[in-house]
Amino acid sequence: MSYQPLTRTQRLKSLFPDAPAFRIRQAEAALFTDATGWENVTVFPKAMRETLEREVPWISVRQVRLLESNDGDTFKVVLKTEDDLLFETVLMANARDQWTVCVSSQVGCAMRCVFCATGAMGLKRSLTADEIVDQLRFWRLFLAGRPALAQRISNVVFMGMGEPLANVESVKSAIRTWIDCTDIGPTHITVSTVGVIPALEKILTDPDWPSVRIAISLHSAVQDEREKIVPSTVPQFIDKLAEWCHRYRQVLGNRRHHLTFEYTLIAGVNDGEDQAEILGRYLEKCGSPKLNVIPLNPVSGKNFLASQQDRIDRFKAAILRHGIDVMQRRTMGNDIAAACGQLAIGEQAHEV
Ligand code: SAH
């Protein structure tokens, strides 16, 4: 991978090579307190605070543009990295009157799913752990500045730009920081993946993999149909994924409920009752994970259309007959291009 800025931990370690591990943990914890810069982190000696203030950025991202949806329940921000790359993160109201943050793991994406705006950008680079961590910090600071809004962020989903399992180490490190430094528990964090088989395999034997929820973007249970809409699909993906699900259950059995499949419904492409029937049987074979159906969100320059609601209803009914728990995801932030698959840097209305 090309250039990546140094992380705070890397800078700290090179500035203070003899610093004990607890100093690193204190620095990390300080990021989630009321401190507004290293100068306020009084657990550190004054000289150390001064060096940090000079050498280590307090936050790794800068706000470029903030957008609010018409109904006020979705916000999107364009952030800029130290090397001037732009990416997006979204804040959405959830059913419990709390907030869900949707984070990006990469600037752009190499997967090129045909219906996704981010895929059309290509990959610029993976985000560092700090740049992932700081998306949550950005929204915490944002809410603190808007006391009239609910304050609690209860969930984080990796459903922004990028493929998290193509950037596993930084994703893992960011999740670890959030779990250690906030009240967000691992089951309130969801990693959504296109299904990178070798990375999924590694999770099964990785003692450091946090017990987060995993969502697999399936979009078709028919191998050659999936290859057409998700070009990163490897040969025998459908079979390999079913086998993986079995092993996931064996290894992390008590976490059966942690697995969800996502299925974006595209009119005339993957929304037929015949496809639903194949999918229903396939899900049973995979140990009956939950299914989230996502009506396609329009993406400019793409010819795909969303399925009509009656077709979606028939699709869901066919899945239900297989005893699968199926949910239709509510679309949010459409008017600010903040909905699934719409994240790409462009000009939008309703700047706030
Ligand atoms: N790379 C990860 C995260 C992507 S975004 C993944 O593939 O899971 C999260 C979800 O939005 C994925 O299921 C993705 O396929 C879906 N998505 C992408 N473009 C979409 C669109 N235009 N409409 C609806 N869902 C879309």
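Q: By class, how many nonpolar, polar and charged residues does the lining of the second largest pocket have?
A: This is a predicted model, where local features need pLDDT of at least 70, side-chain atom pairs count only at pLDDT 80 or more, and totals for linings, chains and interfaces use all residues. A pocket here is an open set of points on a 1 Å grid where a 1.4 Å probe fits, with protein on both sides within 12 Å along at least five of seven lines, and lining residues have an atom within 4 Å of a point. Ala, Val, Leu, Ile, Met, Phe, Trp, Tyr, Cys and Pro count as nonpolar, Asp, Glu, Lys and Arg as charged, and the others, Gly among them, as polar. Sorted in this way, the second largest pocket has a lining of eight nonpolar, eight polar and seven charged residues.

Q: Which residues lie nearest the centre of the second largest pocket?
A: Residues are numbered from 1 along each chain as its sequence is written, and side-chain values use heavy atoms, with hydrogens and water left out. This pocket has 23 lining residues. Those nearest its centre are T9, E28, A129, S173 and T177.

Q: Which helix gives the largest share of that lining?
A: Helices (DSSP runs of H or I, at least four residues) and strands (E, at least two) are numbered from the N terminus. Helix 1 (8-15), helix 2 (21-30), helix 5 (129-144) and helix 6 (168-181) each supply at least two residues of the lining of the second largest pocket. The largest share, six residues, comes from helix 6.

Q: Is S170 buried or exposed?
A: You can find S170 in helix 6. Apart from neighbours within four places in sequence, S170 is in contact (heavy atoms within 4.5 Å) with L127, T128, A129 and I132. Residues under 20% relative accessible area are buried, those over 50% exposed, and those in between partly exposed (1.4 Å probe, protein chains only). The relative accessible area of S170 is 13%, so S170 is buried.

Q: Which strand supplies the largest share of the lining of the largest pocket?
A: Let's turn to the other pocket. Its lining has 33 residues, and T100, V157, N292, M327 and R329 lie nearest the centre. By class, 15 of the lining residues are nonpolar, 11 polar and seven charged. Several strands each give at least two residues, among them strand 3 (86-93), strand 9 (213-217) and strand 10 (259-265), but the largest share, four residues, comes from strand 11.

Q: How many residues of strand 10 are buried?
A: L259, F261, Y263 and L265 point one way from this strand, while T260, E262 and T264 point the other way. Both sets are buried. Strand 10 is thus mostly covered, and its buried residues number seven of seven.

Q: What is the bridge partner of T264 in strand 11?
A: Strand 10 pairs (at least two DSSP bridges) in the parallel sense with strand 9 over four bridges. There, I216 has F261 as its bridge partner in strand 10. Strand 10 and strand 11 also pair in the parallel sense, over six bridges. In strand 11, T264 has as its bridge partner I294.

Q: What is the relative accessibility of N94?
A: N94 sits in the loop between strand 3 and strand 4. Leaving aside neighbours within four places in sequence, N94 is in contact with W99, T100, S154 and N155. N94 counts as buried because its relative accessibility is 13%.

Q: How far apart in space are N94 and D313, C-alpha to C-alpha?
A: In sequence, N94 and D313 are 219 residues apart. In space, C-alpha to C-alpha, N94 and D313 are separated by 23 Å.
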